[in-house]
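I opened this notebook to record what I looked up, one topic at a time. The entries follow the order in which I went through the model.

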Amino acid sequence: MSISTPGGPERRPTVVSTGKKPAAGRPASGAKAAPGKPAGTPRAGGKGPRKPVTPVKVSQGRAWGPIALFVAVGVLAAGIIGYGAWASFQGSKPWDKRANAIDGIANIRKSDPDSLKYESHKPGPLTWNYSPPVGGVHNAAWQNCMGDVYDAPIANEHAVHSLEHGAVWITYRPDLPKDQVDKLAGKVRGVEKMLMSPYEGLDKPISLQAWGYQLKVDNADDKRIDEFIKDLRVNASVEGPTALCNTGITATGTTPRELQQQPTQ
């Protein structure tokens, strides 16, 4: 059927109706497919185009590895800082306070100060309240204490004078195993204000002496040995840090020097 446009020579396009509908799933002639949806994609069962599937986001758990590492580093750093502060505080204490804190140390300066008194040097054999002696009357000559390691007993009379000068005297039983003796010698040899010798009759394998202090231990691995040396060497001197340890007696033997030099009758 044609339709004439009244009032003018121009005519509208002729529309021919076929009486048919567009097939399902196909756009009508001239129609555009919706953006983002493929044209003509049927759903299962012939129910029209399939709707796009929204992606599902997967939530990841916490990264516990880095967190644990961060916490561990923080704890370690706090421990280091705390130990440094404690060590600094300990190091700032007076030497006698540090010495008194050594487990098992005998402080004769406090418990028996009268035994340390003397008026002058005395020749000949002398006696003391402690074995080995830790101070008191002594000979005018001192035993050399420049890190000397003596392989035989020495005279108490000279060793006590070394203590007066601030030396630490390490003594040990003559039957102490060689490896133990070697460890002790490693702490003494070449160190000023230190000397070492075997000593008969000790009630413990090892005994350390400074003026007015004594510490007895069972073996050379005891950490208190290093503490004793650190806190008391030089510090325990009665005559001050400049008191000599060289030019002393280097000979061994338990008899005072002046008696050794006497000619035999």
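**Entry: a polar contact.** I looked up the side chain of Asp-231 and found that it makes a polar contact with the side chain of Arg-98 at 3.1 Å, where a polar contact is a pair of N or O atoms within 3.5 Å, of which, within protein, one must be able to donate a hydrogen and the other to accept it, and residues adjacent in sequence count only if both atoms are side-chain atoms. The model is a predicted one, in which local features need pLDDT of at least 70 and side-chain atom pairs count only at pLDDT 80 or more, while totals for chains, interfaces and linings use all residues. I also note that residues are numbered from 1 along each chain as its sequence is written, and that side-chain values use heavy atoms, with hydrogens and water left out.

Asp-231 lies in helix H6, residues 224-232 (helices are DSSP runs of H or I with at least four residues, strands are E runs of at least two, and both are numbered from the N terminus). I recorded Asp-231 as buried because its relative accessibility is 6%, the term meaning under 20% relative accessible area with a 1.4 Å probe and protein chains only. Apart from neighbours within four places in sequence, Asp-231 is in contact (heavy atoms within 4.5 Å) with Trp-95, Arg-98, Ala-99 and Ile-102.

**Entry: the sheet.** I next traced an open sheet of six strands, which has mixed pairing and the order E1-E6-E5-E3-E4-E2; two strands pair if DSSP finds at least two bridges between them. Its edge strands are E1 (106-107) and E2 (146-149), each of which pairs on one side only.

**Entry: strand E5.** Which strands pair with E5? On one count, E3 (residues 168-172) pairs with E5 (residues 206-210) in the antiparallel sense over four bridges, and Thr-171 stands opposite Ser-207 in E5. Strand E6 (residues 213-217) also runs antiparallel to E5 and is joined to it by five bridges, with Leu-215 in E6 as the bridge partner of Leu-208.

I noted that E5 and E6 form a hairpin with two residues between them, and that Gly-212 in the turn has a positive phi of about 85°.

Is E5 enclosed or open to the outside, and why? Five of the five residues of E5 are buried, so the strand is largely enclosed by the rest of the structure. Ile-206, Leu-208 and Ala-210 point one way from E5, whereas Ser-207 and Gln-209 point the other way, and all are buried.

Notes:
Buried means under 20% relative accessible area, exposed over 50%, partly exposed in between (1.4 Å probe, protein chains only).
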